[in-house]
Each structure stands twice: as structure tokens, then as C-alpha cells.
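Visitor: Could you walk me through this structure, please? I am new to reading models like this.

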Amino acid sequence: MNMENIIEVNELRKYFPIKSNFFRNTIGHVKAVDGISFSIKRGTTMGLVGESGCGKSTVGRTLLRLIERTDGDVYMDGQDIFALSKEELRKMRPRMQIIFQDPYSSLSPRLPVGEIIGEAVREHKIVPTEEFDDYISRVMRACGLQDYHKDRYPHEFSGGQRQRICIARALALNPDFIVCDEPVSALDVSIQAQIINLLKSLQDQFGLSYLFISHDLSVVEHISDTVGVMYLGAMVEYSDTDSLFEKPLHPYTKALFSAIPMPDPDYKMERVILEGSIPSPADPPCGCKFHTRCRECMEICKDTIPEYREVEKGHYCACHLYNETKTDPALQKEAKKA
């Protein structure tokens, strides 16, 4: 365990059983997360991107042990999250928090904002009782909320304000690590910028570490220090943000980047169109999972799983274009034809 890292994930897997209709026997598994590994340095943000259904949110929830793993290891500050007892996990909970995608459904409509933010603070005894009100006020002000908002209910706020409430609820527990599960996807573009700037400001102020889950690459580029790209439960590419956006390696990453809208009307980007639909995670293709939609597909891709390896310093990729093709002349020739 590298002590520079607050989170280390090794070969994490999460399979959901498929039950038969009548006898409820397990007849298969949905491989939502299928053996991914990465680490997050303390005080930094890792972006996790990919199409809907690729397993991004499942990764975030499994990291926090909101759902149990199928296999693999998750370490936070050297502690194995899945080896903790119930009591140990309860003590660890304030240090790892989550901001959900929908700011309305994740807030109780029956509680005023002050109680929503302070409920867990009181439960975990973060501050003495006599300091409780002042503490909640400080947290709310740090997130752009006012003291008089304490007695209001979630339905009285706009979408952006509700998300600020969710951020304040997470921040109130003094966390070290926060999973941001698409926290701006339900908001207008102008409000998105405010929330992103708020998250960056809080990170600088409190030394927070984020896993930022999103399908919006423009947002991820702005907030992330490193980026992982997922496809069908697997990590296909991982690098620091600058390297990934300057030189994407995996064909899937290139296709995602070609879909980013450009503000310059005179700039023409070659659009990579992915043919076909995403295969079922319950029955993924043999070999490389992406080969059924890849325009650079080779014969080896159809039956051999590519090795996830370091292609350049700090830049990891799972693609045969950067594995056997480096040493096999026949495969190099085939790759050039593709």
C-alpha cells in the first residue's frame, strides 16, 4: 500500500445474480464490475467515465461498501474496507461519503434542511451538543447556503441549491474521501459550473479526495487529475487527465472523445461512429469486450482478452494494438490493415 494513495482498488468484481422465474435458482450473473484496479492519491480527483450501464456507479457504491463485493480488495489508508467489522465500519463511515446523482430523491421531504445536514453529525457525535447549531451554520455557509435555509424543506429549493444541500450533508461529517456520483448531470449548464467550482474550492480548503463519476467528458477534464475509462464493467484505459485528452490510446476512448461538442463552429472533428449496441453484461463477448463495435478489430481481439498494461509512463490501456502487436510482425501488419 502506497501511503500517498487514500484509495487502492485491486481486481474489484461485483456480479449480480440472475434468478429464474419460478424456483429462484441462480441461472447466471450480470458482471457489473469485472476485475478493475486503480488508485487515488490523497487530495486529488479521479474521473470515471463511460457509457450508461458500464458499471461506474456500482464501482462507487462498492468502494463505500454500500453494496458487498463479489471479489477483489479495496483499501482506504491501508485498511481493507471489506475486512472491517460492523462497529469498525460504522466508525469509518464519516470519513467516506457520497453525493448522489438526483439531489431531490436523495433528500428526505419530511425533514428541514438543518436536520438533513445535521442528522448524521448528531449520530456520530462529530461536535459537542452546544456547538451543533454553529457547526451546521458554518458548513452551510461553506457550501453557499444561508442560515435561514435551515428551517426550509427540500421542495422549496432549486436543483442547484438541493445539490449544495447534498454536498453540505457529506461535508458535515469531516470526510477524507467523497464519491461524486454524477452530481451535476441533472443540472443546467450554468449551475453545473457553480457546483464544480464549489467542489474544487472545498477540495482545496479541506484536502478532500474525490472519485468523480460522470459521462460528461468536458466536466471530467475540468475537475479531474486522473481519468479512468470503463466499458462493460472493465477498465480499458487509465492515465493522468492531460495525457489522456492529448493522446487517447484505446479505440473506445477515441470514440468517446470524438463526440465532445466543440464551441468553435469552424472546427471539424472526425466523428467515430460506434456501430451496433452495447453487449449484455450478463453475456459479454469473448476476447476483448469492445471488439464487436471496434473498427480496428483484429482476429486476436475475438478470442483473447487483452492485457491491461502500462503502455507509457502512468498511462494504462487494455488493447491488443499495444500488447502483442509490439512484438508480433504478423499482428502489426494486420493492425495496419485495420
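Predicted model: local features only at pLDDT ≥ 70, side-chain atom pairs only at ≥ 80, totals over all residues.

Visitor: How many disulfides does the whole structure hold?
Guide: The cut-off for a disulfide is 2.5 Å between two cysteine sulfurs. A search of the whole structure with that rule gives a count of zero.

Visitor: Is Cys-286 buried or exposed?
Guide: A residue is exposed when its relative accessible area is over 50%. Cys-286 has a relative accessibility of 58%, so the label is exposed.

Visitor: What about Cys-288, buried or exposed?
Guide: Here the cut-off is under 20% for buried. Cys-288 has 11% relative accessibility, so this cysteine counts as buried.

Visitor: Let's turn to the rings. How are Phe-245 and Phe-257 arranged as an aromatic pair, and why?
Guide: By the ring rule, there are six aromatic pairs in total. In the pair of Phe-245 and Phe-257, the centres are 4.6 Å apart and the planes meet at 20°. Planes under 30 degrees apart count as stacked, so the pair is stacked.

Visitor: What kind of aromatic pair do Tyr-252 and Phe-290 form?
Guide: Their ring centres are 5.3 Å apart, with 65° between the planes. An angle over 60 degrees is the cut-off to look for. The pair is therefore edge-to-face.

Visitor: How far apart in sequence are the parts that this pair of Tyr-252 and Phe-290 ties together?
Guide: Tyr-252 lies in helix H9, while Phe-290 is in the loop between H9 and strand S11. The pair thus ties together parts whose separation in sequence is 38 residues.

Visitor: Which residue lies over the face of Phe-132?
Guide: Phe-132 is one of the buried residues of helix H4. What covers the buried residues of H4 includes helices H3 and H5. Over the face of Phe-132, at 4.5 Å from the ring centre, lies Arg-122.

Technical notes. Residues numbered from 1 in each chain as written. Heavy atoms only, no water. Buried < 20%, exposed > 50% of the residue type's maximum accessible area, 1.4 Å probe, protein only. Helix = DSSP H or I, 4+ residues; strand = E, 2+ residues; numbered from the N terminus. Contact = heavy atoms within 4.5 Å. Phe/Tyr/Trp six-rings, centres within 6.5 Å; stacked < 30°, edge-to-face > 60°. Lys NZ or Arg CZ within 6 Å of the ring centre and 35° of its normal.
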